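The sequence and the structure come before the details.

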Amino acid sequence: MTPNLRIAIAGAIVFAAGIAVGGSHLLDRQVVRSAVAQPSASQAPLTTEEQNVIRVARQVTPAVVSIVVPQYGSGSGAVIRRDGMILTNAHVVGTARTVQVGLADGRKVAGTVLGRDIGLDVAVVRIPVNDAPVAPLGNSDQLQVGQLAIAVGNPLGLERTVTTGVISAVNRPGRTLGGETFIQTDAAISPGNSGGPLVDSRGNVIGINSAELLGQGVSGLGFAIPINLAMEMANQVLATGRYVRPFLGILFNDVDADLASQFRLPVKEGVIVTEVRRGSPAANGGLRPQDIITRVNDAPIAMGGDLRRVLRGKKPGETVQLSVVRPPNGSRATLNVRLGQTTDP
């Protein structure tokens, strides 16, 4: 380093110090002006969207709990019944039979894990409380891409953190090929958010936050289990002590007018099969990739929510009749598929 450079650097340091010390009165005056200006800024009315998020946060956060498994980890949960039924993730409770649950009012109680489904990543916990605030439930079969999504949870132990975003996509593939798909959102979901609720603009729970996709240059890719699916699991566990669900063995996407136009599909609604699991009931029944399912038995299938709803009403071993249209020529076929079974103790 040259002497001139040293001097230049030293001069810069002294100059900076001079600003910090000698200019203190100037900074004081700026702070005073900012303080005077602040009240008028704070009086600016909140936007309608801000007011709604505040309302939803106040409505939902009392029903959000923390779940701690000693020597294992922690996460979040949502109280969905006044008798103390909580939904969370299977990966939050692990193999534990009991967990510690922290309520919004400060109470800490022991919770019993009634059941879990690892593939679905949902667990049901019950606490001995009859007066817990409850999060109202929405309808995940009717979600629209672009609608507001609000995630509530306890990331890194920061209790009842609220983040906002939108529904980025529906029908995203889950961890298995069981035909169950997940909600994608850009509302921040960090470690500790797992098991907390994803809610809509009315404050209704539409999903249970499950995971965030991480990687270099990746952000805003969070996933939640649709609440209709989670509740089917929960209700079955409460009634029978276990969860058994029908298994088709496909991945799929919705068909809409834009997709139909882009790929010159023969129909403008339905679900298009993107993958068929080898050896699955779907494969054994003759279903192929690119088949478009338009009906199951007598029920029309316009979107993935319709297919999930119909399958949830069926039992493993039951045979369903699938009406399919096959691109590119639009030939039609009727397939008889005997549903399989997935279960988790």
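## Helix 8

Gly304, Gly305, Asp306, Leu307, Arg308, Val310, Leu311 and Arg312 of helix 8 are buried, where buried means under 20% relative accessible area, exposed over 50% and partly exposed in between (1.4 Å probe, protein chains only). The helix spans residues 304–312 and is mostly covered, with eight of its nine residues buried. Helices (H or I, at least four residues) and strands (E, at least two) are DSSP runs, numbered from the N terminus.

## Basis of the values

The model is predicted: local features need pLDDT of at least 70, side-chain atom pairs count only at pLDDT 80 or more, and totals for chains, interfaces and linings use all residues. Residues are numbered from 1 along each chain as its sequence is written, and side-chain values use heavy atoms, with hydrogens and water left out.

## Barrel

Six strands form a closed barrel in the order 1-2-3-6-5-4, with antiparallel pairing. Two strands pair if DSSP finds at least two bridges between them.

Strand 2 (residues 73–81) is joined to strand 3 (residues 85–88) by three bridges in the antiparallel sense. Ala78 lies opposite Leu87 of strand 3.

## Strand 18 and its partners

Strand 18 (residues 319–326) is largely enclosed by the rest of the structure, because six of its eight residues are buried. Four bridges pair it antiparallel with strand 16 (residues 292–296); Ile292 has Val325 in strand 18 as its bridge partner.

Strand 19 (residues 331–338) runs antiparallel to strand 18, with eight bridges between the two. Ser331 in strand 19 stands opposite Arg326. These two strands form a hairpin with four residues between them, and Gly330 in the turn has a positive phi of about 80°.
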